[in-house]
Amino acid sequence: MIIESNRLILESLSLDELQDYRTSETLIKETYNTVDFEMSNSQSKAIEIKIEKMLKINLAKHDWFTYWIIVNKENMNGMGLIGFKGLSDIGEAEIGYGIQSIYEGNGFMTEATKLLTNWAFEDKRCLAVTAKNVLLSNVGSQKILQKCGFVINNDNDETIDYILKRHSSIL
């Protein structure tokens, strides 16, 4: 699946691609022309969880569980990853994302978040998109979510949970 905006292409990664990338960062670097892509421990763990879930579900639901690579249309470089953790029975999809530091501050992640959120709301089963456990120290992520129309749903001394309900989505 591919979705795009003026500046970005989001391409969902297949189960086979996730399984390949789990074992070789070189494949991501070569396939998507990424700059200094280094898979963090948390990304590796997230990929493992995604693979486990995708092995148990129908292929038609994979786009709700996989990562989508964020590609810059100008130079076709892969810049980061974005994705959901599935679509819950109550119609909520939790979003997660990351972008290489050299691309931060250019609005790419805000644009990718809007793009994937709008894709999610095209499915009538999706009633809300959430972002959970955003660290208070992660001001960049908070700004992205606020620019996309997310509001605080819950907070504590260390983290904030955000929600964007279907009727308030930005198209």
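The structure is a predicted model, in which local features need pLDDT of at least 70 and side-chain atom pairs count only at pLDDT 80 or more, while totals for chains, interfaces and linings use all residues. Residues are numbered from 1 along each chain as its sequence is written, and side-chain values use heavy atoms, with hydrogens and water left out.

The protein chain has five helices and eight strands, taken as DSSP runs numbered from the N terminus (helices H or I, at least four residues; strands E, at least two). Along the sequence, these elements follow the pattern β-β-α-α-α-β-β-β-α-β-α-β-β. Of the 171 residues, 47% count as buried, that is, under 20% relative accessible area with a 1.4 Å probe, protein chains only. Among contacts (heavy atoms within 4.5 Å) with a separation of 6 or more, 57% come from residues 24 or more positions apart.

The eight strands form an open sheet of mixed pairing, in the order 1-2-3-4-5-6-8-7; two strands pair if DSSP finds at least two bridges between them. Strand 1 (2–4) and strand 7 (151–155) each have a single partner strand, so one side of each edge strand is left without a neighbour in the sheet. On average, neighbouring strands are turned by 30° against each other, direction ignored. Within this sheet, strand 6 (residues 128–135) and strand 8 (residues 159–165) run antiparallel and are joined by six bridges; Ala131 has Tyr162 of strand 8 as its bridge partner. Helix 4 (residues 108–121) packs on the sheet, touching several strands, among them strand 4 (77–87), with whose direction the helix makes about 35°. Such angles run from 0 to 180 degrees between N-to-C directions, with axes fitted to C-alpha atoms, for helices over the stretch in contact.

There are five aromatic pairs, defined by ring centres of Phe, Tyr and Trp (its six-membered ring) within 6.5 Å; planes under 30 degrees apart are stacked, over 60 edge-to-face, and the rest tilted. Trp64 and Trp119 form a tilted pair, 4.8 Å centre to centre with 40° between the planes. This pair links distant parts of the chain, with Trp64 in the loop between helix 3 (41–56) and strand 3 and Trp119 in helix 4, 55 residues apart. Both Trp64 and Trp119 are buried. Tyr103 and Phe108 form an edge-to-face pair, at 6.2 Å and 85°, and both residues are buried. Ring pairs also link Trp64, Trp68, Phe84 and Trp119 into a cluster.

Key
Buried means under 20% relative accessible area, exposed over 50%, partly exposed in between (1.4 Å probe, protein chains only).
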